[in-house]
Amino acid sequence: MLIDTHAHLNFKAYKDDFEQVVKRCQKKKMSVVNIGAQFSTSKRAADFAQKYDFMYAAIGLHPIHIFDEIYEAEAYQNLIHDKVVAIGETGFDYYHVDEILTKGAKSIEEISNKQQEVFLQHLKLAKKNDLALICHGRNGVEGREVYSEMLEILKQEKVERAVFHCYGGDLTIAEKIVENGYYIGIDGPVTFQKKAEEIQKIATEIPLENILIETDCPYLSPEPHRGKRNEPIYVKYVAEKIAELKKISKEEVIEQMWQNAKELFRI
Ligand code: NI
């Protein structure tokens with residue numbers, strides 16, 4: 001079964017035609033995991049999962065939003081039900097530091113410390129409820145490498161199930177992530193014609209058993225829809241590209257992606 005393991009149908013981008021987007025997913029008989037980025041969108045993701053059979057949810061406060069609102073563990077705890085399958089997205093974002101500095105943070109160090117504090121709180125919630133963790137990372141500050149920083153924390157805290165969503169690091173770190181039993185999330189950029197060498201190399205080299213396919217919609221539309229709003233059905237282009245790179249069939253990729261998602265999220 002086709003699955004988009006990282007979608008944001010809970011975002012405003014779908015407010016005008018949500019029902020049509022849902023119908024297109026249903027026609028494809030696919031599954032979708034909607035991911036929260038703030039409390040409001042986490043609640044919406046959890047509500048959707050209750051309403052629609054094919055949807056699951058993850059709840060969390062995205063690292064770019066940690067100065068917009070306070071993370072309250074109990075409020076998130078109260079959102080959890082059977083179809084909330086993960087905590088996140090959470091992690092480190094050094095790409096948007098300028099934007100976060102306008103929201104009350106005083107220095108990059110303060111941002112990094114706060115992101116770490118909130119990341120650890122998410123990790124605790126995931127452990128407490130025996131849920132997977134969805135890690136968001138984005139590099140952008142000289143001398144800091146978010147993916148290895150997150151990996152060290154996951155190892156230290158003995159996190160068992162996690163995905164490095166929309167992976168943007170290099171192959172060496174990806175191999176370490178995989179050695180530790182975690183997943184690499186691959187998105188639309190793997191289909192791009194330019195600046196996609198590293199992620200294509202990663203998709204080729206790392207085992208299929210450690211990959212998840214995602215859209216991160218409404219962002220990051222794959223070719224041939226690049227530049228337009230993304231949606232879950234387009235995850236098939238990511239599967240097709242991985243099949244092409246690994247020289248296997250699209251059906252084999254889609255089936256293994258479903259098995260991987262079932263294993264990570266216990267669905
Ligand atoms: Ni996302």
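Predicted model: local features only at pLDDT ≥ 70, side-chain atom pairs only at ≥ 80, totals over all residues.
User: Which residue does Leu133 stand opposite in β6?
Analyst: Leu133 stands opposite Ala162 in β6. Residues are numbered from 1 along each chain as its sequence is written, and side-chain values use heavy atoms, with hydrogens and water left out.

User: How many bridges join β5 to β6?
Analyst: There are 4 bridges between β5 and strand β6 (residues 162-165), and the two run parallel. Strands pair if DSSP finds at least two bridges between them.

User: And what joins β5 to β4?
Analyst: Strand β4 (residues 84-93) runs parallel to β5 and is joined to it by 6 bridges. In that pairing, Ile87 stands opposite Leu133.

User: Which helix goes with β5 and β6 in a β-α-β unit?
Analyst: Helix α6 (residues 146-156), and the unit is right-handed. Right-handed means that, with the strands pointing away from the viewer, the path from the first strand over the helix to the second runs clockwise.

User: Is β5 mostly covered or mostly open?
Analyst: Mostly covered: 6 of the 7 residues in β5 (132-138) are buried. Buried means under 20% relative accessible area, exposed over 50%, and partly exposed in between, with a 1.4 Å probe and protein chains only.

User: What about β3, how many of its residues are buried?
Analyst: 5 of the 5 residues in β3 (55-59) are buried, so the strand is largely enclosed by the rest of the structure. Met55, Ala57 and Ile59 are on one side, Tyr56 and Ala58 on the other, and all are buried.

User: Which strands does β3 pair with?
Analyst: β3 pairs in the parallel sense with β2 (residues 31-35) over 4 bridges, and with β4, also parallel, over 3 bridges. Val33 stands opposite Tyr56 in β3, while Ile59 stands opposite Ile87 in β4.

User: New topic. What coordinates the nickel ion?
Analyst: His6 (NE2), His8 (NE2), Glu89 (OE) and Asp216 (OD), at 2.2 to 2.3 Å. Donors are N, O and S atoms within 2.8 Å of the metal (3.2 Å for Na, K and Ca); water is not among the atoms, so sites may look incomplete.

User: What space lies in the largest pocket?
Analyst: About 810 Å³. A pocket is an open set of points on a 1 Å grid over the protein atoms alone, where a 1.4 Å probe fits, with protein on both sides within 12 Å along at least five of seven lines; lining residues have an atom within 4 Å of a point. The volume is the space filled by probe spheres set on the points, which are joined across faces, edges and corners.

User: Which residues are closest to its centre?
Analyst: Of the 34 lining residues, Gly137, Arg138, Cys166, Asp216 and Leu220 are the closest to the centre of the largest pocket.
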